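Me: I am new to this structure and would like to go through it step by step. Could you take my questions one at a time and end each reply on what I asked for?

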Amino acid sequence: MKEDGYESLDFVGCALHTKKEGPRLAGTQMVGTAHPTPDYHLNRREFLKSLGGGIIIFFCIGDPTALQAQRRGRGYPEDFNAYLRIGSDGRVTCFTGKVELGQGVVTSLAQMLADELDVALESVDMVMGDTSVCPWDSGTFGSMSTRFFGPALRSAAAEARAVLIELAAEHLQVPSDRLTTKDGVVFDKNQREKQVAYGNLAKGKIIERHMKEKSALKTISEFNVMGKPILRRDALEKVTGSAKYAGDIRLPDMLYAKILRPPAHGAKLTSLDTSAVEKIEGIRLVRDGDLIAVLAKNPDEAEDALEQIKAGFDVPKAEVDDENIFEHLVNNAPKRNVVDSGGDIKSGEKLADIIVEQTYLNSYVAHAPIETHTATASIEGDKATVWASTQTPFRLKDDVAQVLGFAAENVRIITPFVGGGFGGKSQNSQAIEAAKLAKLTGKPVQVAFSRAEEFFYDTFRPAAVVKIKSGLTKSGKIIFWDYGVYFAGSRGSQHFYDIPHHVTVTFGDSGRGEGSPHPFATGPWRAPANNTNTFARESQIDIMASKAEMDPVEFRLKNLKDHRMLRTLKAAAEKFGWTPSKLPPPSAGWGKGCACGIDSGTYVAHIAEVEVDKNTGHVQVKRVVCAQDMGIVVNPEGAKLQIEGCITMGLGYALSEEVHFKGGRVLDLNFSTYELPRFSWVPKIETVLVKADEISPQGGGEPAIICMGAVIANAIYDAAGVRLFQLPATAERIKEALAKPRLSPAVIGDW
Amino acid sequence: MENVSFKLNGKAVSLTTNSQRMLLWVLRTDLGLTGTKYGCGAGLCGACTVLVDNEAVRSCRLPVKGVEGKQVLTIEGLAQNGKLHPIQQSFIKHDALQCGFCTPGMILAAYSLLLKNPHPTEQEIIQHMDHNLCRCGSYARIIQAIGAAAEEMKGAK
């Protein structure tokens with residue numbers, strides 16, 4: 001070990017300039033008490049010094065070579081993407097580019113760290129999503145924090161513990177193999193009074209280590225903090241109103257901006273009259289190309305002023321709307337991409353006794369976080385600081401630097417608390433606008449989307465079409481599976497049943513991309529693609545069970561070999577008290593259904609009970625049981641909270657949520673037409689965490705939402721005798737289906 | 001510009017402004033209390049809920065002149081002398097929040113319910129809270145937290 005610490009650092013392309021004693025900037029996501037206050041204009045050496053000495057472990061998530069390639073030329077150090085520090089006060093701080101959006105990683109990551117390092121959870125601080133003090137990170141999405149960041153963090157903590165033991169051996173003059181650790185103290189196993197606290201081991205020096213290899217991690221029986229239900233660590237700030245979000249940042253002379261928006265995507269400005277606004281005292285008008293904004297000392301004054309602008313737009317003729325979009329998508333699909341295949345479909349078809357061919361439709365849905373996209377930007381000289389509600393602070397940093405023409409290292413993004421993301425806050429246009437306006441006006445500027453802007457600029461989950469042709473034998477064995485999905489994306493498209501002849505193909509993915517047929521932006525939405533794929537697959541499976549005159553749970557068990565799915569489905573059925581029954585259903589207005597799926601390495605099985613009012617078409621979900629195999633469970637309380645959240649949020653895309661539009665005009669402006677789930681919709685929720693300690697921790701924030709469309713559609717069939725082939729299963733669609741129960745939906749295009 | 005005076009979290013405040021401005025923006029900008037949130041601007045989500053004379057109201061739809069001479073309570077005024085209100089404690093204890101953005105509105109809506117109905121049934125809680133939206137899906141926990149807080153407050157009296 002080099003005790004001169006930072007001398008050995010080799011920071012590539014690090015060109016930060018020096019400035020001592022910079023201001024402490026409020027708002028960074030920090031949970032804990034010991035808040036370091038490094039200034040972002042420090043160079044690395046001074047940055048390390050500013051941490052106040054201690055033991056610092058740098059580590060890397062994933063393959064360092066890949067990381068270097070990804071970051072080449074960005075001016076960042078390239079060999080690590082997170083680090084932790086043990087200070088002389090004994091507090092442990094983890095610096096990571098991941099962010100807390102409500103999903104609870106601020107708690108679960110701290111738990112992992114505390115456990116491997118043998119310190120109390122209370123002595124761990126998390127500093128997240130601040131680009132000046134946290135190393136580069138791609139963003140917080142895809143249920144990756146626990147799965148990929150978690151193991152690296154645990155290794156780093158284990159490495160830190162090994163370093164501490166080494167130092168203690170010297171300090172106590174005891175061979176290291178006689179030493180062990182507990183609660184932030186190293187002690188002699190044979191002589192407990194021979195001990196030294198972690199904080200006393202660095203002795204004011206900076207001791208630095210880079211993780212080379214993975215350290216041995218604790219096994220489950222050794223866990224003290226992991227696996228225990230721990231309450232959220234950020235709750236106090238959130239229940240007292242002191243938690244700061246991007247819109248709560250207040251800076252001297254700050255202006256609030258409201259920006260002129262087109263009435264539809266693709267619209268072009270044809271006339272502009274700002275004369276009325278120019279007469280209003282205290283209002284500043286800015287025009288920079290397409291960016292036309294009014295700024296005021298209060299946001300409501302800016303809003304009122306914006307209404308005084310007279311603007312004419314040329315709106316392109318609407319070609320598509322929420323009715324004809326599906327046909328449009330299929331007709332404009334790019335070429336097929338085979339995701340997976342096995343056996344031979346033609347042979348499978350010959351062996352099938354029953355063939356089911358069906359088309360499933362899923363609508364555009366909005367992320368609709370209660371906090372709209374918000375950012376506050378401040379520019380001093382050639383340096384910018386932006387507080388943003390974002391899931392991708394480092395991408396935003398690059399974008400802001402590019403737009404302003406600033407060096408990347410002179411841009412700092414701070415992620416305060418974020419009021420929900422669900423994938424939608426990977427898009428950061430509001431922060432770019434705030435930065436541009438701050439530069440143009442020379443004042444700090446806040447941009448907060450109105451709810452209508454939030455709907456308009458949302459990157460919706462794409463509308464999608466799934467076509468499935470599948471067959472089974474008289475004995476109820478699925479023999480072939482021919483699956484094609486248009487525009488949802490491939491995640492969750494692969495089936496997990498035991499089917500000898502199968503092919504899965506995708507046509508287009510979820511992003512907007514070149515030549516996208518979508519009339520507006522689309523993007524990832526909580527468990528991207530998987531909600532659509534699971535709805536289609538599990539509906540099809542249910543139809544086949546019905547054709548085979550088998551109970552839907554028994555039919556699935558018969559066609560499964562994957563032991564994780566088998567145990568997960570069995571756990572759900574057991575918790576629910578499922579009693580097998582043969583279809584057709586009694587259509588008594590009350591029914592149950594099941595669905596299962598895989599997402600982010602986690603297996604889920606849901607069983608739901610619903611009540612359908614056949615006169616109004618209204619569906620009330622009464623009870624949902626969810627069994628989840630997510631490997632080792634880091635925080636059972638947090639995991640259950642996420643499952644409940646998924647089930648509750650999933651009621652929306654299953655029953656009510658769909659974006660209404662005409663061409664590029666988004667018709668939903670607020671929650672009056674775009675209906676989110678409410679208190680009165682919430683079923684009784686029961687969760688089972690399947691024991692899976694042989695598997696490392698897997699994703700938890702998204703998996704339990706993927707079955708909600710299918711499980712409700714299947715339960716509606718059991719309750720009312722009608723199949724819904726399109727989500728959401730609105731009251732109107734159910735009434736329509738009840739009126740024509742034998743109508744099968746049109747198969748769109750040629751198979 | 002008019003003068004508007006009212007009591008905010010127990011303290012007298014007086015300001016000169018356009019009294020047609022919505023209370024939400026006056027609270028958040030003029031008075032610096034950012035715990036009250038903007039969610040929809042149309043009274044549809046409840047993130048901006050505050051209490052006016054003990055009634056839960058949507059501050060995004062209430063002109064500030066409407067609180068002249070009245071008592072306004074925001075989330076910042078609920079804890080007394082550094083001690084959390086039982087509803088706040090109960091939200092923490094039940095993990096009844098995720099991103100936390102709707103939380104101030106939820107807590108104040110719950111507070112107004114318990115003022116009127118100290119022992120609500122689960123159905124009464126749901127009915128009262130039904131127009132406050134939580135996108136993260138913490139409803140089930142919030143219902144539990146409110147019920148438990150009601151119990152706690154009963155014990156305290």
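Me: In which sense do S4(A) and strand S5 of chain A pair?

Reply: This is a predicted model, and the reply describes that model. Strand S5 covers residues 124-128 of chain A, and A:Val92 stands opposite A:Val124 in this strand. Over five bridges, S4(A) and S5 of chain A pair in a sense that is parallel.

Me: How many residues of strand S4 of chain A are buried?

Reply: S4 of chain A spans residues 92-96 and is mostly covered. On one side lie A:Val92, A:Cys94 and A:Thr96, on the other A:Thr93 and A:Phe95, and both faces are covered. In a regular strand the side chains alternate between the two faces of the sheet. The number of buried residues in S4 of chain A is five of five.

Me: Which residues are in contact with A:Leu113, leaving aside its neighbours within four places in sequence?

Reply: A:Leu113 is among the residues with the most contacts inside the largest nonpolar core, together with A:Val386, A:Ile712 and A:Ile716. Leaving aside the neighbours within four places in sequence, the residues in contact with A:Leu113 are A:Leu84, A:Val92, A:Cys94, A:Val124, A:Leu153 and A:Ala157.

Me: Which strands stand at the edges of the open sheet of seven strands in chain A?

Reply: The order of this open sheet is S12-S13-S10-S20-S17-S18-S19, with mixed pairing. Each of the two edge strands has a single partner strand, so one side of each is left without a neighbour in the sheet. Between neighbouring strands the turn is 25° on average, direction ignored. The strands at the edges are S12 (284-288) and S19 (411-414) of chain A.

Me: What is the bridge partner of A:Leu285 in S13(A)?

Reply: S12(A) and strand S13 of chain A, residues 291-296, pair in the antiparallel sense over five bridges. In S13(A), the bridge partner of A:Leu285 is A:Val294.

Me: What angle does the direction of helix H10 of chain A make with that of S19(A)?

Reply: Two helices that pack on this sheet can be described in turn. Helix H7 (residues 299-306) of chain A touches strands S10, S13 and S20 of chain A, and its direction makes about 135° with that of S13(A). Helix H10 (residues 393-404) of chain A touches S18 and S19 of chain A, and the angle between the directions of H10 and S19(A) is about 140°.

Me: Why does the radius of gyration of chain B agree with that of a compact globule?

Reply: Chain B has five helices and five strands, and its C-alpha atoms fill a box of roughly 45 × 35 × 25 Å along the principal axes. Buried residues make up 55% of its 157 residues. Because a compact globule with 157 residues would have a radius of gyration near 15 Å, chain B agrees with its value of 15 Å.

Me: Which helix gives the most to the side of chain B that touches chain A?

Reply: In all, 44 residues of chain B are in contact with 46 residues of chain A. Helices H1, H2, H3, H4 and H5 of chain B each give two or more residues to this side, whose residues divide into 25 nonpolar, 13 polar and six charged. With four residues, the helix that gives the most is H5(B).

Notes:
Residues numbered from 1 in each chain as written. Chains lettered and ligands numbered in written order. Predicted model: local features only at pLDDT ≥ 70, side-chain atom pairs only at ≥ 80, totals over all residues. Contact = placed C-beta atoms within 7 Å. Nonpolar A, V, L, I, M, F, W, Y, C, P; charged D, E, K, R; others polar. Core = buried A, V, L, I, M, F, W, Y, C linked by C-beta atoms within 7 Å. Buried ≥ 20, exposed ≤ 12 C-beta atoms within 10 Å, placed from the backbone. Rg over C-alpha atoms; globule rule 2.2 N^0.38 Å. Pairing = 2+ DSSP bridges. Axes fitted to C-alpha atoms, helices over the stretch in contact; angles between N-to-C directions.
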